[in-house]
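Keep the sequence and the structure open beside you as you go.

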Amino acid sequence: MASIMDSERQFHIKTLPDEVGRYVILTGDPGRVPVIAELLDNAEQVAYNREYNVYTGYLLGKKVTVCSTGIGGPSSAIAVEELVKCGADTFIRVGTSGGMDLKVSGGDLVIASAAVRGEGTSFEYLTPDYPAVADFTVVNALAKACEKCCDDKIGNRYHVGVVHSKDSFYGEVEPDNSPVRENIKSRWESYIRCGCLTSEMECSAIFSVGLARGVRCSAILTALWNVERSKAGLEDNITYDSTKAINCAIDAIKLLIENDKL
């Protein structure tokens, strides 16, 4: 019986297996893909459909792919699913976030070791009581990469820990406009008390697909700012520059390539 899934190319990202590398950098913004791809050797665009802009090049002689995911869990999960079908097994999300823990300042890097499942996509992959955790080898490679470029100054630190993933951007930044504001705000306060570092919209879905499909995932996030620091009257920065996170992801993949040879 014929099916819309019968095409040789993946249904959404429109790639063929030989166009995708084992190692993948995921980023939400399609416009950020060519910027990251410039750091690869001989990178070329292999597909562009909907929110999925895909480039593939090389690092240390190994094929590496950069793919955009759009915003949120559903489109991110689709990207990971279809990239896995093309042979990818190692994923690093490079993204932005809003700081939660007071030790996180705008400009800091956050490496996600796990994610609060505050979105809906992960429940299609994991039971409600199962955590969305990152792969230790990828987390460790990202931490080693961050050690080279970060110091102990505000806006140039790195942190490793749990992040918060959500479906509603405005639920976070404008909770008082929501009919369920009490629920949103009480959960937010609980996450802060538990030491959650920062909030974003994709990690828990990506990690959950990774766990379900047996592949390695983590993420490195730039904290754009920290509203909790502002509320507390603490010094903070606002940044829109993801350059450090991108460079650390590239360096982490190089470390993983070297380690995977052993």
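**Salt bridges in a predicted model**

At 13% relative accessibility, glutamate 228 is buried. The model it belongs to is a predicted one.

**Exercise 1.** Find the salt-bridge partner of glutamate 228 and say where the two residues lie.

*Solution.* Start with the distance: the closest N and O atoms of glutamate 228 and lysine 231 are 3.4 Å apart, which meets the cut-off of within 4 Å. Finally, look at accessibility: lysine 231 has a relative accessible area of 62% and is exposed, whereas glutamate 228 is buried at 13%.

**Exercise 2.** Decide whether glutamate 202 and arginine 93 are buried or exposed, and locate their contact.

*Solution.* The two side chains form a salt bridge with an N to O distance of 2.8 Å. Glutamate 202 belongs to the loop between strand E9 (198-200) and helix H6 (203-213), and arginine 93 to strand E5 (residues 90-99), so the pair links distant parts of the chain, 109 residues apart. Glutamate 202 has a relative accessible area of 6%, hence buried; arginine 93, at 5%, is buried too.

**Exercise 3.** Work out which parts of the chain the salt bridge between arginine 22 and aspartate 260 ties together.

*Solution.* The closest N and O atoms are 3.6 Å apart. Arginine 22 precedes strand E1 (23-27) and aspartate 260 is in helix H8 (residues 243-260), so the bridge joins parts 238 residues apart in sequence. Both residues also belong to a salt-bridge network with Asp89 and Arg216.

Terms used: Residues are numbered from 1 along each chain as its sequence is written. This is a predicted model: local features need pLDDT of at least 70, side-chain atom pairs count only at pLDDT 80 or more; totals for chains, interfaces and linings use all residues. Side-chain values use heavy atoms; hydrogens and water are left out. Helices (H or I, at least four residues) and strands (E, at least two) are DSSP runs, numbered from the N terminus. Buried means under 20% relative accessible area, exposed over 50%, partly exposed in between (1.4 Å probe, protein chains only).
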